[in-house]
Amino acid sequence: MQTQFLDNSVRLWLTGAATAAIVFVIGLLLRRVLVSRLGALAARTTNQIDDMIVELIRQTRTWVILVVSLFIGFAQLSMSARAATYFQSTVKLVVLWQTAV
């Protein structure tokens, strides 16, 4: 497990992948539970803001959850400053894109 790949051990890569997978599954479950629970709560009120929040959560794309989970999972890897900048910029762009849609 001491084999190096892109300046990180295989163990670190596996840990990052496992973390990303767990965060992805939690994100999907959290989206489902929030839509279900908050949707039921929003249906009982006349306020439109809670309906908008439920719809915002419902329309969160799966690939956005995936990108955020990859960012969280692979944040522990050591990478060059240039690669880290591109990775962070990509995540910010994806989140902004989701917000705009």
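This is a predicted model: local features need pLDDT of at least 70, side-chain atom pairs count only at pLDDT 80 or more; totals for chains, interfaces and linings use all residues.

Visitor: Noted. By class, what does the lining of the second largest pocket have?

Guide: The lining of that second largest pocket has 5 nonpolar, 2 polar and 1 charged residues.

Visitor: And which residues line the second largest pocket?

Guide: You'll find Gly27, Leu30, Arg31, Leu34, Leu56, Ile57, Thr60 and Ile65 lining the second largest pocket. With Arg counted as charged, Arg31 is the charged one in that lining.

Visitor: How much space lies in the second largest pocket?

Guide: About 150 Å³.

Visitor: Which helix gives the largest share of its lining?

Guide: H1 does, with 4 residues. Helix H1 (10-43) and helix H2 (48-58) each supply at least two residues of that lining.

Visitor: How far is Ile57 from Ala83?

Guide: Their C-alpha atoms are separated by 30 Å, and along the chain Ile57 and Ala83 are 26 residues apart.

Visitor: Switching to the surface. Which residues make the nonpolar patch?

Guide: Ile22, Ile26, Leu30 and Leu34 make a nonpolar surface patch of about 360 Å². Ile26 has its place in helix H1. Leu30 and Leu34 also turn up in the lining of the second largest pocket.

Visitor: Now contacts. How many salt bridges does the structure hold?

Guide: The structure holds 1 salt bridge. Glu55 pairs with Arg58 there, and the closest N and O atoms are 2.8 Å apart.

Visitor: Where do Glu55 and Arg58 sit relative to each other in helix H2?

Guide: About one helical turn separates them, because Glu55 and Arg58 are 3 residues apart in helix H2.

Visitor: And how does Glu55 count for accessibility?

Guide: Partly exposed, at 31% relative accessibility. Arg58 is also in the partly exposed class, at 44%.

Visitor: Last topic, a couple of serines. Where is Ser80 found?

Guide: Ser80 is in the loop between helix H3 (62-73) and helix H4 (81-100). Its relative accessibility is 44%, so Ser80 counts as partly exposed.

Visitor: What about Ser69, buried or exposed?

Guide: Ser69 is buried, at 1% relative accessibility, and lies in helix H3. Ser69 and Val94 are 25 residues apart in sequence, and their C-alpha atoms are 12 Å apart in space.

Methods
Residues are numbered from 1 along each chain as its sequence is written. Side-chain values use heavy atoms; hydrogens and water are left out. On a 1 Å grid over the protein atoms alone, a cavity is a set of points where a 1.4 Å probe fits but cannot get out, and a pocket is an open set with protein on both sides within 12 Å along at least five of seven lines; lining residues have an atom within 4 Å of a point. Grid points are joined across faces, edges and corners, and a volume is the space filled by probe spheres set on the points. A salt bridge is a side-chain nitrogen of Lys or Arg within 4 Å of a carboxyl oxygen of Asp or Glu. Buried means under 20% relative accessible area, exposed over 50%, partly exposed in between (1.4 Å probe, protein chains only). Patches are made of residues with over 30% relative accessible area and no salt bridge: like charges are joined within 9 Å, nonpolar side chains (Val, Leu, Ile, Met, Phe, Trp, Tyr) within 5 Å. Accessible areas come from the Shrake-Rupley method with a 1.4 Å probe; for residues, only the protein chains shown count as cover.
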